[in-house]
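Trainee: Could you walk me through this model before I set anything up?
Mentor: Gladly; have a look at it first, and then ask away.

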Amino acid sequence: MFINSELKDQIITSCQELIRRPSLSGNEKEVAQYIAKTMERLGFDNVESDKFGNIIGTIILGKGGSSILFDGHMDHVDVSDPSKWKYDPYGGKIENNRIYGRGATDMKGNIAAMMHAASYIKNNLRNHIDGIIYIACVVHEECFEGVASQEVAKNYKPDFVVIGEPSGLTLKRGQRGRAELVLETYGKTAHSSNPEIGLNAIKKMAALIVEIEKSFIPKKHDFLGKGILEITDIISSPYPGASVVPDLCRATYDRRLLPNEAEEEILDQIENIINMLHVKDPSLTAKVYLSEGSARCYTGATIKAKRFAPAWIYDEHHTFVQAAHTGLLSVGQKPTISHYAFCTNGSYYAGKAKIPTVGYGGSHEHLAHVTDEYIEIEHLLLACEGYIGITRSFFKKIAKNK
């Protein structure tokens, strides 16, 4: 590591202070204010907030030019049951060279690493490099992957993006996407003592679920794996249905997407199964659609979108993937190249906007959302060095190709 003791202490302190500011989705204001003040203190050339409350810090190197954007989300999932935690979820306590707290891994540690990496580059390399660095700290990622990031990309138009989600210090070149499908079956209410005069929507749903399990054949990608379809909840109406045959049943499916799977395609797959079952049972009436969500941001703005976040992948030999890999090698790291198992804001940058994107961050994917979440201090510091290496390599590559 080439990070000195002073910078090490600053990075650790920033991580702790971020953890000590709870920031559930829609309630990121306090942590956003801390991030903005930290960026200003670190000498960022510009710090702005948009309508959703995303915080974007800008550093201009030399004559400016091509831009690289580091994306990190400020929100985290809920603690659920604090009594099950050994460590205060919002304490930022250090023990055994780990910093504990909700969001330590996902992903406040890497936000701290990004900010200090950008500041280091400005202080040490700005007279040797031309380019622009953006650090985008976004809201509502846990609920709406890629939606708030769309506002960032629209306003700043980065040339390349690094997703700072935890990657175990490996380099990620893709991910499966995610869609939330809602399946509804319809019936006719009746008193449950006389069910024969009604039509039970639950029974229709049960048959449809079985048919989907039998008939849905997921596609498979050599690198990303299967396009999963998994039922996650089911509810009938009226609910509770005391003595009433339900006339509506609604089920939700989590659909993990592969590259180039579009909304129409994934809906058609289920509609075809509905139509097939309808031939066998003409009394079946059902439909499938994409779930939509909306939520209030801490700014008062409303964020809303369909639950559809595309997959994305770049070839291992893509210029940006190789530039990022070279940058990590230059700081003494030896990262494997793999993919994220979960969905990220890359679904917008790479999946929709087609901006060359990689993922890289400290800590491990399996530590996200768990009780007694933590980030290893070594990973925190290595992530900062990795971001420095990626940035330096990227701008050198751009300069060489001019």
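**Sheet, cores and rings**

Mentor: Strand β5 (residues 98-100) pairs with β21 in the antiparallel sense over three bridges, where strands pair if DSSP finds at least two bridges between them, and helices (H or I, at least four residues) and strands (E, at least two) are DSSP runs numbered from the N terminus. This is a predicted model, in which local features need pLDDT of at least 70 and side-chain atom pairs count only at pLDDT 80 or more, while totals for chains, interfaces and linings use all residues. Residues are numbered from 1 along each chain as its sequence is written, and side-chain values use heavy atoms, with hydrogens and water left out.

Trainee: What is the strand order in that sheet?
Mentor: It is an open sheet of three strands in the order β4-β5-β21, with antiparallel pairing. Because β4 (94-95) and β21 (374-376) each have a single partner strand, they stand at the edges, and one side of each is left without a neighbour in the sheet. Y374 in β21 is the bridge partner of Y100.

Trainee: Which helices lie across β4, β5 and β21?
Mentor: Helix α1 (residues 5-19) lies across them, running at about 20° to β5, and helix α9 (residues 377-401) also lies across them, at about 65° to β21. The axes are lines fitted to C-alpha atoms, for helices over the stretch in contact, and angles run from 0 to 180 degrees between N-to-C directions.

Trainee: Switching topic, which residues have the most contacts inside the largest nonpolar core?
Mentor: They are I35, I133 and I135, in a core of 87 residues, and α9 gives the most to this core, with 12 residues. Such a core is a set of buried Ala, Val, Leu, Ile, Met, Phe, Trp, Tyr and Cys residues joined through side-chain atoms within 4.5 Å, where buried means under 20% relative accessible area, exposed over 50% and partly exposed in between (1.4 Å probe, protein chains only). Apart from it lies another core, of 25 residues, among them L181, L208, C249 and L267.

Trainee: And what does I135 touch?
Mentor: Not counting residues up to four places away in sequence, I135 touches several residues, including M39, F44, I55 and F70, with contact meaning heavy atoms within 4.5 Å.

Trainee: Which residues of α2 are buried?
Mentor: In α2, V31, A32, Y34, I35, A36, T38 and M39 are buried, and the buried residues of this helix pack against α1, β1 (46-49), β2 (55-61), α3 (104-125) and β6 (131-138). Just after α2, G43 takes a positive phi of about 90°.

Trainee: How many aromatic pairs are there?
Mentor: The structure holds 12, with rings of Phe, Tyr and Trp (its six-membered ring) pairing if their centres lie within 6.5 Å, and planes under 30 degrees apart counting as stacked, over 60 as edge-to-face and the rest as tilted. The rings of F70 and Y387 have centres 5.4 Å apart and planes at 75°, so that pair is edge-to-face. Since F70 lies in strand β3 (residues 67-73) and Y387 in helix α9, the pair ties together parts that are 317 residues apart in sequence. Both F70 and Y387 are buried.

Trainee: Which residues form an aromatic cluster?
Mentor: F160, F320, F394 and F395 form one.

Trainee: Last one: is A148 buried or exposed?
Mentor: A148, in helix α4, counts as buried at 1% relative accessibility. Leaving aside its neighbours within four places in sequence, A148 is in contact with F52, N54, V138, V139 and I303.
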